[in-house]
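Dear colleague,

I am passing on the structure we spoke about, and below it you will find some notes on what turned up. Please read them with the structure open beside you.

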Amino acid sequence: MSDYRDATITCDPGGIVIKGYYFPWGAKRVKWGDVTGLERVSMGTFTGRWRIWGTANPHLWANLDPHRAKKSTAFILGNGRKVRPFLTPEDPDAFEAQVRERAHLPAGGGESPAPFI
């Protein structure tokens, strides 16, 4: 299986690397064994689409993605922690397939509305 890569997210054999997660440009790594779930959500005006970085929700954190406003699909990555990453991959279907396969997660249940972020 080839690795998923885009400008902000990389999936490799060790886990997921989220670029621009920490200030000012630090990356976060989530090991495959720490992935507890993956929720596909649709973004709107107050639910992540205009959030370039950070959050207004104490349980989610959006990495730096200057192109998020042009995207409509995001993922909330379950990682066993109180604050979960809010990710917007360039190819949502390829990203979801790779995470579900490598983290041994069941198939997704479709797309739900994103929470306020």
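A search of the whole structure finds eight salt bridges, where a salt bridge is a side-chain nitrogen of Lys or Arg within 4 Å of a carboxyl oxygen of Asp or Glu. Please keep in mind that this is a predicted model, in which local features need pLDDT of at least 70 and side-chain atom pairs count only at pLDDT 80 or more, while totals for chains, interfaces and linings use all residues. Residues are numbered from 1 along each chain as its sequence is written, and side-chain values use heavy atoms, with hydrogens and water left out.

As background, side chains of opposite charge can pair when their charged atoms come close.

One of the salt bridges joins Asp93 to Arg40, with the closest N and O atoms 3.0 Å apart. Asp93 lies in helix H2 (residues 92–102) and Arg40 in strand E5 (residues 37–42), so this pair ties together parts that are 53 residues apart in sequence; helices (H or I, at least four residues) and strands (E, at least two) are DSSP runs, numbered from the N terminus. Arg40 also forms a salt bridge with Glu96, where the closest N and O atoms are 2.7 Å apart. Because Glu96 lies in helix H2 and Arg40 in strand E5, that pair ties together parts that are 56 residues apart in sequence. Both Glu96 and Arg40 are buried, where buried means under 20% relative accessible area, exposed over 50%, and partly exposed in between (1.4 Å probe, protein chains only).

A further salt bridge links Lys71 and Asp65, whose closest N and O atoms are 2.8 Å apart. Lys71 counts as buried at 14% relative accessibility, and Asp65 is buried too, with a relative accessible area of 2%. Salt bridges that share partners join Arg40, Asp93, Glu96, Arg100 and Glu111 into one network.

His104, in the loop between H2 and strand E9 (112–113), has a phi near 55°, which is a positive value in a residue other than glycine, and His104 is exposed, with a relative accessible area of 70%. His59 sits in the loop between helix H1 (45–49) and strand E6 (60–62) and is partly exposed, at 41% relative accessible area. Not counting residues up to four places away in sequence, His59 touches Lys82, Val83 and Arg84, contact meaning heavy atoms within 4.5 Å. His59 and Arg84 are 25 residues apart in sequence, and 6.1 Å apart in space from C-alpha to C-alpha.
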